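Please look through the sequence and the model shown here before reading the notes that follow.

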Amino acid sequence: MKTLKLTIILAAVALMIMGLSSMSFAFHSGGVAECIGCHEMHGAVGPSLLQGTDQSSTCLICHGEPNQSSYHVLTPDSQMPTGVAPLNMTPGGDFGWIKKNYYFTIRGSLNTELGDSHGHNVIAADEFLAQDSRNATAPGGTFPAGQLSCTSCHDMHGKGRYTTAGVYAKTGQAIWTSGSYGALPTVLSHGSYATGVYRLLVGAGDTRDGVTFTNPPPVAVVNSTYNRSEFFTQTRVAYGSGMGDFCGTCHPDMHSTAGILRHPTEQVMSGAIQGNYNSYVKSGDMTGTVANSYLSLVPFEEGLTYSTANINTLKSHAVTNDSQLGGPTGAATVMCLSCHRAHASGFPESQKAQIESPFIIQDGIYPGSDNAQSSIARGHSSQETAAAYYNRNVTKFSGYQRSLCNKCHAKD
């Protein structure tokens with residue numbers, strides 16, 4: 001009898017844990033969430049009966065909670081005092097970096113690195129996030145900086161979906177679950193059901209403040225435990241295709257040879273570039289192979305469009321245990337997120353790695369204002385520098401590691 005009771009208790013605990021686990025990304029479930037999660041019928045403080053003062057403030061009621069969880073993208077001020085980095089280590093980054101201003105001296109001259117340079121300055125009055133002080137419009141585009149919000153890139157109602165026919169649509173088959181984690185449209189006894197698009201991103205036909213998206217949302221898959229330190233193993237987001245075209249909607253001149261294009265995106269990596277990427281391990285070490293060359297700080301697209309087979313392939317690659325470290329082959333492409341984080345980072349222009357100092361690692365340590373390498377730390381504490389690299393173990397770099405531009409260009 002005792003054994004039976006113990007079995008029942010263990011089973012109940014297991015079900016509870018499974019239930020809590022599934023809830024980690026169940027609020028949106030790939031589409032429109034419960035209305036009262038964002039709107040308040042009688043006590044609203046924002047427009048459209050929003051619970052927050054504005055759209056982004058409403059999003060951050062949940063996504064800015066004061067603890068690190070999968071869906072959190074903003075660390076509260078109280079948890080990141082001077083010298084302490086934002087907590088969240090999602091692939092997109094933590095908006096907390098936007099609040100981090102740095103002051104430092106280079107060759108006798110005082111320099112400033114504004115937090116505004118660290119990412120997308122979404123406007124969220126309740127979280128003291130304001131318009132970018134440096135730009136009136138999106139760099140390389142016309143999107144008004146004063147209107148930037150979470151919903152500029154994400155569809156708050158999640159209408160985008162892929163149907164059982166593998167077709168992108170904004171109506172039709174009901175959405176049964178998120179498409180961010182590799183789930184597929186399905187046919188059940190009571191009907192056919194779609195999956196939501198990756199990260200509820202807006203797509204073809206959606207207009208935001210005079211800017212219209214012309215392409216379907218990017219194709220990608222991520223593991224559900226993506227907000228994590230990468231000290232031991234990397235978090236691999238399996239990007240398929242379309243991210244550069246998505247970013248180019250608001251930054252078109254970054255993608256036009258008639259504009260200010262300086263680096264290709266959404267282009268197949270040439271044989272030489274693929275060769276460099278797959279051989280490059282760290283400064284002074286070119287012994288890598290295509291089987292083990294993946295680096296989360298320099299990801300790439302696999303050149304896969306939406307299909308059942310391709311989503312299954314991407315899902316098999318989207319792991320956090322370093323079992324899938326294959327590098328670029330075939331139609332793999334460089335994209336905006338090869339260098340930048342979508343939300344924010346610890347470095348200027350939302351770069352994933354420092355490109356304004358000669359070394360990422362100097363004398364075997366992360367540079368910091370609190371250690372011997374303060375001259376190249378640009379005002380960051382060593383803890384902030386390490387956190388900006390998601391605490392990647394310094395032994396994975398060279399003792400004198402240079403820019404990660406070299407992952408593709410091998411000039412060091």
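Cys-62 counts as partly exposed, because its relative accessibility is 30% and the scale used here calls a residue buried under 20% relative accessible area, exposed over 50%, and partly exposed in between, with a 1.4 Å probe and protein chains only. This is a predicted model, in which local features need a pLDDT of at least 70 and side-chain atom pairs count only at pLDDT 80 or more, while totals for chains, interfaces and linings use all residues. Residues are numbered from 1 along each chain as its sequence is written, and side-chain values use heavy atoms, with hydrogens and water left out.

**Confidence**

- The protein averages a pLDDT of 92, and 92% of the residues score at least 70, where pLDDT is the predictor's confidence in each residue, from 0 to 100.
- Over residues 1-24 the pLDDT is below 50, and beyond near neighbours in sequence this stretch has 2 contacts in the model, a contact being heavy atoms within 4.5 Å.
- Where pLDDT is low, the predicted coordinates should not be read in detail.

**Disulfides**

- A disulfide is taken to be a pair of cysteine sulfur atoms within 2.5 Å, and by this rule the count comes to 0.
- Cys-62 is in no disulfide, since the nearest cysteine sulfur, that of Cys-38, is 7.0 Å away.
- For Cys-35 the closest cysteine sulfur is also in Cys-38, at 8.7 Å, which is too far for a bond, and Cys-35 counts as exposed, with 56% relative accessibility.

**The second largest pocket**

- About 300 Å³ of space lies in the second largest pocket.
- Of the 16 residues that line this pocket, the closest to its centre are Val-281, Asn-292, Ser-293, Tyr-294 and Arg-392.
- A pocket is found on a 1 Å grid over the protein atoms alone, as an open set of points where a 1.4 Å probe fits, with protein on both sides within 12 Å along at least five of seven lines, and lining residues have an atom within 4 Å of a point.
- Grid points are joined across faces, edges and corners, and the volume is the space filled by probe spheres set on the points.
- The lining divides into 7 nonpolar, 4 polar and 5 charged residues, where Ala, Val, Leu, Ile, Met, Phe, Trp, Tyr, Cys and Pro count as nonpolar, Asp, Glu, Lys and Arg as charged, and the others, Gly among them, as polar.

- Gly-244 is placed in helix α3, residues 243-248, where helices (H or I, at least four residues) and strands (E, at least two) are DSSP runs numbered from the N terminus.
- Gly-244 is buried, with a relative accessible area of 0%, and, leaving aside its neighbours within four places in sequence, is in contact with His-255, Thr-265, Glu-266, Glu-301 and Cys-336.
- Val-167 is placed in the loop between β3 (161-162) and β4 (168-169), and counts as partly exposed at 44% relative accessibility.
- Not counting residues up to four places away in sequence, Val-167 touches Arg-161 and Tyr-162.

**Positive phi angles**

- Most residues other than glycine have a negative phi.
- Leu-200, although not a glycine, has a positive phi of about 55 degrees; Leu-200 lies in the loop between β7 (191-196) and β8 (207-208) and counts as buried at 13% relative accessibility.
- Asp-209 has a positive phi of about 50 degrees and is not a glycine either; Asp-209 is found in the loop between β8 and β9 (211-212) and is partly exposed, with a relative accessible area of 41%.
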